[in-house]
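The sequence and the structure come first.

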Amino acid sequence: MSLKQIIAPSVLNANFLELGNGLKAIENGGAGLVHLDIMDGHFVPNISFGPGISACVGKGTCLPLDCHLMIENPEQYVEAFAKAGAAYISVHAETTNHLDRLLHQIRELGVKPAVAINPATPLESIKYVLGIVDMVLIMSVNPGFGGQSLIPYCLDKIRELRALCPELDIEIDGGVKLDNIVACKEAGANVFVVGSAIFGKPNPEEVCREFVKKIS
């Protein structure tokens with residue numbers, strides 16, 4: 001596969017009292033994106049942070065921000081995350097009645113649009129927007145909390161999507177570990193969100209470097 005292989009550490013499990021050091025650690029470890037899990041307590045059973053914290057993260061790193069909106073009514077918030085410095089904004093197909101319009105809205109804001117789907121959501125639901133997104137995010141756990149185990153059938157979904165879209169960036173999010181990231185790559189993913197497996201360790205720079213080696 002000619003697509004670039006990217007580790008995108010999620011700061012959801014980071015120590016926010018030491019976030020600047022954590023961001024520097026993943027930069028040194030070879031990460032390509034910073035993944036921001038935005039949760040509202042409605043679409044998913046957890047609350048994380050909003051555009052203000054996202055903007056602070058952006059000021060603390062040279063890496064592009066990958067904002068994953070796990071929120072209801074995303075149309076109301078994409079502009080705020082664009083202003084916060086998002087390079088990518090992923091919106092869930094399950095959260096909007098007007099997905100095509102929303103994805104175009106994101107691009108008009110100067111941000112790369114991406115569409116995300118939950119484990120049990122079929123690829124059929126996003127078939128008609130594949131040509132207007134820069135990336136598809138396949139959830140490999142039920143979203144809301146870090147530290148879950150990867151759902152195996154999600155790799156089949158990635159294989160199917162890769163066969164449909166050989167040149168599209170495919171991001172996998174949920175349960176990605178050192179012992180399964182090669183299987184994720186072989187299935188067709190090329191952007192790998194890693195949360196607790198990096199920021200849950202005492203040496204995130206070294207662990208991030210190990211993940212990069214696994215996909216190189």
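## Loop residues between β5 and β6

Apart from residues up to four places away in sequence, N118 makes contact with F43, H92, E94, M139, P143 and K157. The model is a predicted one. N118 sits in the loop that runs between β5 and β6, and its relative accessible area of 14% makes it buried, because the limit for that class is under 20%.

T121 belongs to the loop between β5 (112–117) and β6 (135–139). At 14% relative accessibility, T121 counts as buried. Its contacts, with residues up to four places away in sequence not counted, are E94 and K157. E94 and K157 are also among the contacts of N118.

## Other loop positions

G195 is placed in the loop between β8 and α7. Is G195 buried or exposed? With a relative accessible area of 15%, G195 is buried. Beyond its neighbours within four places in sequence, G195 touches S10, N13 and G200.

G41 lies in the loop between β2 and α2 and is partly exposed, at a relative accessible area of 35%. Neighbours within four places in sequence aside, G41 is in contact with N46 and I47.

P152 is found in the loop between β6 and α5 (153–164). A relative accessible area of 60% makes P152 exposed, since exposed means over 50%.

| Residue pair | Separation along the chain | C-alpha to C-alpha distance |
|---|---|---|
| G41 and K59 | 18 residues | 26 Å |
| P152 and Y128 | 24 residues | 25 Å |
| G195 and G110 | 85 residues | 27 Å |

## Backbone angles

Most residues other than glycine have a negative phi. N73 has a phi near 50 degrees, a positive value in a residue other than glycine. N73 lies in the loop between β3 (65–70) and α3 (78–83), where it is partly exposed at a relative accessible area of 41%. Positive phi also occurs at G30, which comes just after α1 and has a value of about 100 degrees.

Helix α1 spans residues 19–28, and its buried residues are L19, G22, L23, A25, I26 and E27. What covers these buried residues of α1? The covering elements include β1 (6–9), β2, α2 (51–59), α7 and α8 (204–215).

In soluble globular proteins, nonpolar side chains tend to be buried together. Here the largest nonpolar core has 62 residues, and within it I89 and I126 touch the most other members.

The contacts of I89, with residues up to four places away in sequence left out, are C67, L69, V78, F81, A82, I106, V111, K112, P113 and A114.

## Cysteines

How many disulfides does a search of the whole structure find? The search finds zero. Two cysteines illustrate the separations involved. The cysteine sulfur closest to that of C56 belongs to C67, and at 13 Å it is too far for a bond. For C62, the closest cysteine sulfur is in C208, 12 Å away, which is again too far for a bond. Both distances can be set against the cut-off for a disulfide, which is within 2.5 Å between sulfur atoms. C62 itself counts as exposed, with 64% relative accessibility.

The largest cavity contains about 250 Å³ of space. Its lining consists of 24 residues, of which F145, G146, G147, D173 and G174 lie nearest the centre. The elements that contribute two or more residues to this lining are β2 (34–39), β8 (191–194) and α7 (196–199). By type, the lining residues are eleven nonpolar, ten polar and three charged.

Two of these elements, β2 and α7, are also among those that cover the buried residues of α1. The loop between β8 and α7 is where G195 lies.

Conventions: Residues are numbered from 1 along each chain as its sequence is written. This is a predicted model: local features need pLDDT of at least 70, side-chain atom pairs count only at pLDDT 80 or more; totals for chains, interfaces and linings use all residues. Side-chain values use heavy atoms; hydrogens and water are left out. A nonpolar core is a set of buried Ala, Val, Leu, Ile, Met, Phe, Trp, Tyr and Cys residues joined through side-chain atoms within 4.5 Å. Buried means under 20% relative accessible area, exposed over 50%, partly exposed in between (1.4 Å probe, protein chains only). Contact means heavy atoms within 4.5 Å. Helices (H or I, at least four residues) and strands (E, at least two) are DSSP runs, numbered from the N terminus. On a 1 Å grid over the protein atoms alone, a cavity is a set of points where a 1.4 Å probe fits but cannot get out, and a pocket is an open set with protein on both sides within 12 Å along at least five of seven lines; lining residues have an atom within 4 Å of a point. Grid points are joined across faces, edges and corners, and a volume is the space filled by probe spheres set on the points. Ala, Val, Leu, Ile, Met, Phe, Trp, Tyr, Cys and Pro count as nonpolar, Asp, Glu, Lys and Arg as charged, and the others, Gly among them, as polar.
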